[in-house]
Amino acid sequence: MVKIIRLSKSVIGNEEKIAVLKVLEKEFLGMGEEVDKFEKKLSKIFKRSTVCVSSGTSAIQLSLEACNIGENDEVLVPSLTYVATFQAIKATGAIPIPCDVDEDNLLIDIEDAKSKITNRTKAIIPVHYTGGVGDLNSLYEFAQKNKIRVIEDAAHAFGTIYNSNLIGSIGDIVCFSFDGIKNITSGEGGCIISNDKKIIERVQNSRLLGVENDSKSRYKNARSWDFNVKRQGWRYHMSNVMAAIGIEQLKKRDLFFSKRKLLAVKYDQLFENVKDISSLQRDYENVVPHIYVVRINNLDDRNTLKEELLKRGIQVGIHYKPNHKLEYFKTGEKIILPVTDRVYSEVISLPIHPDLDLKDIEYVAKTLIKILPKYLK
Ligand SMILES: *Cc1c(COP(=O)(O)O)cnc(C)c1O
């Protein structure tokens, strides 16, 4: 058996195991003290209110709902994202309007978004693909001009810095995911960060079935018995088990970030001047790479290429099948997103996670370069 270099994975040490065991021994597994502690630590890092939830997907759904976005409202979103972003929009009753991405950075094309504004447009969700954020200032200018909300899908961007500001510490509403393979994990989980007190209060309640002020009792490992409910809520809170993992992962974040950056820079060097392979040219001084995507020119047979890489011990991925190509999100008229459609046929994601080292990266890059010619047009 060849040792498989995994595309991505959780990186868990004894610290996480001990922390989980402690929660188990307390026999209070639901939302309680640990969640309060994790939220406080996140709030300190981002210097504003943070609400933890069950996933990045629920973070986006609850953020939209907190903005009163729902039935028949339109939300601008790049088609090149994980299906989670689209499902979160759909879950509110709103309509995801798929936008193209910019050729240079594969982030939402603001010009294309502009052309898709209608009087029903209520929000834009930029997706920080691979960890890059592009020209956020222009995006916010565009949103302000059109009086729409911005909900950042920052699932890939935990740790990324924009104009000297940590992503999450600025912006309207920012959603992170802590699922198993993200830059830090809580097993599953996510959070919502905002300066908007109304939004924060709404999501604090809506994650707990809409039970008003229940969060405060839960933080003390208690719950409220006499309460009011004013609107739809969900069981989207985080559990103490998840928070305990998250707290330990936070302590390791700088190590994780620098390892990811080191590996991505190495890939960039190895692919420099390689014909038919282009890297995304992210600025890894500021960007923490969540995934490492290359675009391949004239790629003919991606599936067989993937199979051969796997035989050689390398697991790769494709981020992402564009959502406008998925049946559930089709809107009637045929949607053509020229850049997204082309990019989809070119992309391959190579292994990147903190348990890899430079030798692994060299093996992956050299193997790809060696076998690639067979798979070109
Ligand atoms: C992971 C991810 C999400 C969803 O997060 P979950 O915690 O898995 O629900 C949303 N958007 C993008 C781009 C993601 O990669």
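On a 1 Å grid over the protein atoms alone, a pocket is an open set of points with protein on both sides within 12 Å along at least five of seven lines, while a cavity is a set of points where a 1.4 Å probe fits but cannot get out; lining residues have an atom within 4 Å of a point. Grid points are joined across faces, edges and corners, and a volume is the space filled by probe spheres set on the points. This is a predicted model, in which local features need pLDDT of at least 70 and side-chain atom pairs count only at pLDDT 80 or more, while totals for chains, interfaces and linings use all residues. Residues are numbered from 1 along each chain as its sequence is written, and side-chain values use heavy atoms, with hydrogens and water left out.

The largest pocket holds about 320 Å³ of space. Its lining has 23 residues, and the closest to the centre are Tyr 82, Ala 84, Asp 179, Lys 182 and Tyr 320. Helix H3 (56–66), helix H4 (83–91) and strand S8 (173–177) are the elements that each give two or more residues to this lining; helices (H or I, at least four residues) and strands (E, at least two) are DSSP runs, numbered from the N terminus. By class the lining splits into 10 nonpolar, 9 polar and 4 charged residues. Here Ala, Val, Leu, Ile, Met, Phe, Trp, Tyr, Cys and Pro count as nonpolar, Asp, Glu, Lys and Arg as charged, and the others, Gly among them, as polar.

Tyr 320, one of the residues closest to the centre of the largest pocket, also takes part in a cis peptide bond with His 319, with omega at about 0°. Tyr 320 sits in the loop between helix H11 (302–311) and helix H12 (338–346).

The second largest pocket comes in at about 250 Å³. Of its 15 lining residues, Lys 198, Glu 201, Arg 202, Asn 205 and Arg 231 lie nearest the centre. H7 supplies the largest share of that lining, 6 residues. Charged residues number 8 here, alongside 4 polar and 3 nonpolar ones.

The largest cavity has a volume of about 50 Å³, and its lining includes Lys 9, Gly 180, Lys 182, Phe 256 and Pro 354. That lining counts 4 nonpolar, 5 polar and 3 charged residues.

Two loop residues have a positive phi without being glycines. For Asn 213, phi is about 65°, and the residue lies in the loop between helix H7 (197–206) and helix H8 (214–219). Asp 276, with phi at about 75°, is in the loop between helix H10 (253–271) and strand S10 (277–279). Asn 213 is partly exposed at 46% relative accessible area, but Asp 276 counts as buried at 15% (buried means under 20% relative accessible area, exposed over 50%, partly exposed in between, with a 1.4 Å probe and protein chains only).

Now for the chain as a whole. It contains 13 helices and 12 strands. Its radius of gyration is 21 Å, close to the 21 Å from the globule rule for 377 residues, so the chain is as compact as a globular protein of that length; the radius is taken over C-alpha atoms, and the rule is 2.2 Å times the number of residues to the power 0.38. The C-alpha trace spans about 70 × 55 × 40 Å along its principal axes. Buried residues make up 58% of the 377.
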